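Thanks for coming. I have one structure to go through today, so please have the sequence and the view open.

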Amino acid sequence: MRTVYLMVLLFFMISSHANEASKNFNFSGFSRVVVGTLDDKNASFEGYDNSISFSQRSLLAIQLEANISEKVSVTTQLLAHSSETRDSGVEWLYLTYRPTKSIRFKAGRMRTPFFTYSDVLDVGFAYPWISPPQQVYNAYLFDYLDGVSASYEYSAADFGIEFEAYIGEFDDTINVGNTSEEKAKATNFSGLSILFKSDKLQIRASTHSGETEFEIPELDQFSSMLRLASFNQTADSLVSKGNARLNQLGVTYDELDYFLKAEWIGISSPILIVPNINSYYLTAGYNLFPFTFHATYANNSVSYEDMLTEIPYGLSPQVDALAAGYSNIYNSLDDDSVKSLSIGVRWDFNISMALKAELTHLKGKQGERSFFNITNPEDFDRRANLVQVAWEWVF
Amino acid sequence: MGVGLLRLLRFLCFSMLVLFTSTIAMAEDGLIVVANIKESNVSLSKQQIRGLFMGSSVGYDFKVVTLPPSSLTRVTFNTKIIGLTEARIQSYWAQMRFSGRKTEPRVFTNEDEIIDYLLNTEGAVAYLSASTIIPKSLKVIYRIDSI
């Protein structure tokens, strides 16, 4: 709440000095008011349960850009979020240096540029859906890092290519599918992305990797116990750190009357609690200005490494206990495979505002978590419908 | 209640107007892209113009400015050159602005203001309706005639 007051104060201070400030300060921001409900009383999804809620995705953000010189500027984004799972405060703060119009360096805290819409995920106005497909956009990853990035834009007559490379680190809690929180650390995490854009087509391919470590003391303790009992193979498999890799490919095709979007991601991870994930979505949309109609199909597949059989049963009660402990760990690994089909409409009733409505049919995997927070496991059939309405505003 | 309904009707009328007149605009007017540059024989391709107005650099140090979204010339430009609806273009600029990549061109209220800015700013470039009478010092770097 304090952040919201601070932001409102800043808003008024800056708008009252708008004229003198406008030469060196750029003030802008965005806001969403999103209301939604899930039609199932046995679980919740992305924070939405059987009641009507305004506080899962609603937010207000202010972005300030101060031009220190012709080529150097400082940008900060302050965000106040309605959900308990998101911290409100300084979202990013970085320095930008543009030696030429085509080259840009950034240093500081910035959003991780994993997927096509990663760096504008909170700016609902920038994309057609209310929630970008969760199978891709909510995949166990950290959404900001502290580091440096460099980008270069090449423009030819018919097309353009943008290259971006970054390296940085992260040390904070990650919210996994809105259901659990883990402390995680990433060091020397780097990535490279290439964006090809022509008249109607945009293709973005990127690869990212780095040393990632989750802080799970119970797992480390159990792993040491296994090592003491000489079950080294099993002990080694219970890793909470390793080099994770993420590959992404996104395509957008825009015609005046319709558009197609597709994105695929693949995550491979040696870390036990982060599975190998393949996710994708396909969106088709129809433009009838000021309306946009769209339909999206999304799916993901989640797989963990096979369970090892190094520990024998029936040798002794102590070894049985170790085997049972290992088995329990395996059974508690969450499978967030879920299929979804969404339809939605967006109405741009104003140059900087849009109203959206969206219906998402979710079909999870029997007996698995599937991104749901399940309150009644016996009665829940892993199918639910999510209805959301949103008002988006950029200023 | 009455005021809210009036506002809603006005928005609906605006959108209907844009839909309706965009077809008319396309049928009547051509477009010219005009710049305040020294060279006389500069001519850009449609792709380059599109790139320019979407924030890419095309080799010259241009300062891009545009007409407001309510302008029919802008609707024609969006349809014929950019190939996207105004809503999609606004989403694009929001994405560029809030990812710190590009800032949208400055928006002027009408053609007179734009011509004034063009005359006084070196490197300024804007699109106008082909029937606009432009000062001789400004160069036409792209043209589509009326359809």
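Chain B exposes about 7200 Å², and carbon and sulfur atoms supply 58% of that area. Keep in mind throughout that this is a predicted model. Of the 147 residues in chain B, 55% are buried. The chain has five helices and five strands, and along the sequence they come in the pattern α-β-α-β-α-α-β-α-β-β. On contacts, take the pairs in chain B that are at least 6 apart in sequence: 72% of them join residues at least 24 apart.

Now the sheet in chain B. It is an open sheet of five strands, in the order β3-β2-β4-β1-β5, with mixed pairing. Its edge strands are β3, residues 106-107, and β5, residues 139-144, each of which pairs on one side only. Strand β1, residues 31-35, runs antiparallel to β5(B), and five bridges join the two. If you want a place to look, B:V33 stands opposite B:Y142 in β5(B).

From there we can go to helix α2 of chain B, residues 46-53, which contains B:I49. How much of α2(B) is covered? Six of its eight residues are buried, so the answer is mostly. Those buried residues are B:Q48, B:I49, B:R50, B:G51, B:L52 and B:F53. B:I49 has a relative accessible area of 0%, so it counts as buried.

Which residues does B:I49 touch, once neighbours within four places in sequence are left aside? They are B:V33, B:L44, B:F77, B:I81, B:I141 and B:Y142. After α2(B) comes B:G55, which has a positive phi, near 100°.

Over to chain A, starting with helix α6, residues 317-331. It has 15 residues, so at 1.5 Å a residue it should span 21 Å; the end C-alpha atoms are 21 Å apart, which agrees. Its buried residues are A:V319, A:L322, A:A323, A:G325, A:Y326, A:S327, A:I329 and A:Y330. An α-helix has 3.6 residues a turn, so residues three or four places apart point the same way. What do the buried residues of α6(A) pack against? They pack against α4, residues 217-228, and α5, residues 232-237, of chain A.

The loop between α4 and α5 of chain A holds A:S230. A:S230 is not a glycine, yet its phi is positive, about 70°. Its relative accessible area is 52%, so A:S230 is exposed. A:N188 is another residue other than glycine with a positive phi, in this case near 50°. A:N188 sits in strand β9, residues 180-198, of chain A, and at 59% relative accessible area it is exposed.

Strand β14, residues 291-303, and strand β15, residues 338-350, run antiparallel and are joined by eight bridges. Within that pairing, A:A298 has A:S340 as its bridge partner in β15(A). On to β16, residues 353-364: eleven bridges join it to β15(A), again antiparallel. There the partner of A:L341 is A:H361. A hairpin of two residues connects β15(A) to β16(A). The peptide bond from A:F289 to A:P290 is cis, with omega near 5°.

Last, the aromatics. The whole structure has 35 aromatic pairs over all chains. One example is A:Y253 with A:Y258: the ring centres are 6.4 Å apart and the planes meet at 45°, so the pair is tilted. Both tyrosines are partly exposed, A:Y253 at 25% relative accessibility and A:Y258 at 36%. Ring pairs also link a cluster in chain A, with A:F114, A:F115, A:Y117, A:W129 and A:Y281 among its members.

Two charged side chains lie over ring faces as well. A:K106 is over A:Y94, 4.4 Å from the ring centre, and A:R346 is over A:F125, 4.7 Å from the ring centre. That is what I have, and I can take questions.

Key. Residues are numbered from 1 along each chain as its sequence is written. Chains are lettered from A and ligands numbered from 1 in the order in which they are written. This is a predicted model: local features need pLDDT of at least 70, side-chain atom pairs count only at pLDDT 80 or more; totals for chains, interfaces and linings use all residues. Side-chain values use heavy atoms; hydrogens and water are left out. Rings of Phe, Tyr and Trp (its six-membered ring) pair if their centres lie within 6.5 Å; planes under 30 degrees apart count as stacked, over 60 as edge-to-face and the rest as tilted. Buried means under 20% relative accessible area, exposed over 50%, partly exposed in between (1.4 Å probe, protein chains only). A charge sits over a ring if NZ of Lys or CZ of Arg is within 6 Å of the ring centre and within 35 degrees of the ring normal. Helices (H or I, at least four residues) and strands (E, at least two) are DSSP runs, numbered from the N terminus. The expected span of a helix is 1.5 Å times one less than its number of residues. Contact means heavy atoms within 4.5 Å. Two strands pair if DSSP finds at least two bridges between them. Accessible areas come from the Shrake-Rupley method with a 1.4 Å probe; for residues, only the protein chains shown count as cover.
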